[in-house]
Amino acid sequence: MENYSIIIFILAIVIGLSAFADKIKLPYPILLVIVGIIIGFFPSMGEIEINPEIIFLIFLPPLLYDASFNISPNDFKTNINTIGTLAITLVFVTTLGIAIVAHYLIPGMTWPLSFVLGAILSATDAVAAISITKGLKISHKTITILEGESLINDASAFVAYRFAVAAVMGSAFVIWKATLQFMLLLGGGFLVGFIMAKILAYILTKVHKNVNVTISFMLLMPFVAYLVAEHLHVSGVIAVVVLGLSIARFSNKIFPESLKNNSRTLWDIIIFLLNGLIFILIGLNFRYILKDIDNTMILPYIGYAAIITITALLIRMGRVFLQKINLQKAFLNTKGKRKISEHALLDFNNSITLGWSGMRGIVSLAIAIGLPKFLENGTPFPQRNAIIFISVAVVLLTLIGQGLTLPWIVKKLTPKETNRS
């Protein structure tokens, strides 16, 4: 009963703070994280343990499905070059960059441990990016790229993380095995999502006149697709994304407008509550992550986290602007046939916005907390507390630092974008 009471209490806070955030023009995820940290230090507040598997199962499927369902398939296809670059190439480059900095900066960080930390913090978070940019006057293209990137990059990060942890456990890293696993992870997830979409589409053609049954199936299927994919050891993230993209296209052909409106209202409420719970849980757990750290190491670790945050931001900004240049070259180097659409090109304004929107969130936190406690020989996982603390600190720094400044940056860029359109 105590846990249920805490959950109801948290939901009440989420709803109240979200309304307050609107009035003070502050992104509500930022306010929830800050208040969560404050509440977490109340003496009467008990520890809420985050189980990474539960976080992935309960939060990821509906949030990913909702984002992929609402993204335009045509816009996604137009910007697939940039989305793929940020979701795959940038993830591995960021892992490497953070690993190099961590290895030479943090005492006791071996190369395998440095790559574990890099993998944990390599991917931007779909929930954070979409929640904080929602309501800002950001171009449709930028939102499509951000959402598309965040929908795919988790799979890249999971592959990097698994191999880094395996290296700590004593396994040798083999590049062809890593590449093969990555392809199987993505391909298998795509196949599961495609099959589940076909099954759901068939069911919906039979029951779409019954609104309650139709919406219930659409609520259930993301969880089913995720569980089936994970059971088959392929990407549940990709399976849910493919399911959402496929059903979005299918729904335009068969769903009446009343059904779309009813479904949209229900999904908006669910996503609102899940988003709120995620961000306040990040804040609430900071106190209990802090208790496992030696007091003399808190400030140095925060300093390391700040340097890693800046490193990740610089890598992202550099890769985004390199992509801008590459797209422009490919567009101009047509030789009679255009390979790059003019609509896929990036300008200075949306490049800045894309670069600055790389917040980390619940996925990084869940992966960090999910680190094994012991190696296969029974000895404690080295530097586990340090890796978790630095990961959480980076998540908080990106959410609060980049999240608070993003609206100001967008506001400064908006007039220029408006003049161009």
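P62 is buried, with a relative accessible area of 3%. The structure described here is a predicted model. P62 sits in helix α3. Setting aside residues up to four places away in sequence, P62 touches F223, W267, I271 and L274. The C-alpha atoms of P62 and N74 are 22 Å apart in space, and the two residues are 12 apart in sequence.

**Aromatic pairs**

The model holds nine aromatic pairs. In one of them, the ring centres of Y65 and W267 are 5.4 Å apart and the planes are at 35°, so the pair is tilted. Which parts of the chain does this pair link? Y65 belongs to helix α3 (residues 52-70) and W267 to helix α12 (residues 257-284), so the pair links distant parts of the chain, 202 residues apart. Y65 is buried, with a relative accessible area of 1%. W267 is buried as well, at 4%.

Another pair is formed by Y301 and F389, with 6.1 Å from centre to centre and 45° between the planes, and it is tilted. This pair also links distant parts of the chain: Y301 is in helix α14 (residues 298-332) and F389 is in helix α17 (residues 384-420), 88 residues apart. Both Y301 and F389 are buried. Returning to Y65 and W267, these two residues form one aromatic cluster together with F69.

**Helices α8 and α9**

Two packed helices are described by the angle between their axes and the distance between the axes. For helix α8 (residues 140-169) and helix α9 (residues 175-207), the axes come within 10 Å and cross at roughly 145°. The crossing of α8 past α9 is right-handed. On the α8 side, the contact is made by A155, S156, V159, R162 and F163. On the α9 side, K177, A178, Q181, F182, L185 and L186 make the contact. What kinds of residue make up the contact of α8 with α9? Seven are nonpolar, two are polar and two are charged.

Helix α8 also contains E149. Is E149 buried or exposed? At 1% relative accessibility, E149 counts as buried, because the cut-off for buried is under 20%. The side chains of E149 and T124 are joined by a polar contact of 3.4 Å. Apart from neighbours within four places in sequence, E149 is in contact with I83, L86, A87, L90, T124 and R316.

**T94 in helix α5**

T94 is placed in helix α5 (residues 80-105). At 1% relative accessibility, T94 is counted as buried. The side chain of T94 reaches the backbone oxygen of L90 at 2.7 Å. Leaving out its neighbours within four places in sequence, T94 is in contact with L121, S122, A312, I315 and R360. One of these contacts, S122, is 28 residues from T94 in sequence, and their C-alpha atoms are 5.3 Å apart in space.

**Helix α16**

How many residues of helix α16 (residues 362-369) are buried? The helix is mostly covered, with eight of its eight residues buried. The buried residues are I362, V363, S364, L365, A366, I367, A368 and I369.

**Positive phi in two loops**

Most residues other than glycine have a negative phi. H233 is not a glycine, yet its phi is positive, at about 60°. H233 is found in the loop between α10 (211-231) and α11 (236-254). Q383, also a residue other than glycine, has a positive phi near 60°. Q383 lies in the loop between α16 and α17. How accessible are the two residues? H233 counts as exposed at 67% relative accessibility, because the cut-off for exposed is over 50%. Q383 is partly exposed, with a relative accessible area of 24%.

The table lists the relative accessible area of some of the residues discussed above.

| Residue | Relative accessible area | Class |
|---|---|---|
| P62 | 3% | buried |
| Y65 | 1% | buried |
| T94 | 1% | buried |
| E149 | 1% | buried |
| H233 | 67% | exposed |
| W267 | 4% | buried |
| Q383 | 24% | partly exposed |

Conventions: Residues are numbered from 1 along each chain as its sequence is written. This is a predicted model: local features need pLDDT of at least 70, side-chain atom pairs count only at pLDDT 80 or more; totals for chains, interfaces and linings use all residues. Side-chain values use heavy atoms; hydrogens and water are left out. Rings of Phe, Tyr and Trp (its six-membered ring) pair if their centres lie within 6.5 Å; planes under 30 degrees apart count as stacked, over 60 as edge-to-face and the rest as tilted. Helices (H or I, at least four residues) and strands (E, at least two) are DSSP runs, numbered from the N terminus. Buried means under 20% relative accessible area, exposed over 50%, partly exposed in between (1.4 Å probe, protein chains only). Axes are lines fitted to C-alpha atoms, for helices over the stretch in contact, and angles run from 0 to 180 degrees between N-to-C directions. A crossing is left-handed if the near helix is turned anticlockwise from the far one by less than a right angle, and right-handed if clockwise. Contact means heavy atoms within 4.5 Å. Ala, Val, Leu, Ile, Met, Phe, Trp, Tyr, Cys and Pro count as nonpolar, Asp, Glu, Lys and Arg as charged, and the others, Gly among them, as polar. A polar contact is a pair of N or O atoms within 3.5 Å; within protein, one must be able to donate a hydrogen and the other to accept it, and residues adjacent in sequence count only if both atoms are side-chain atoms.
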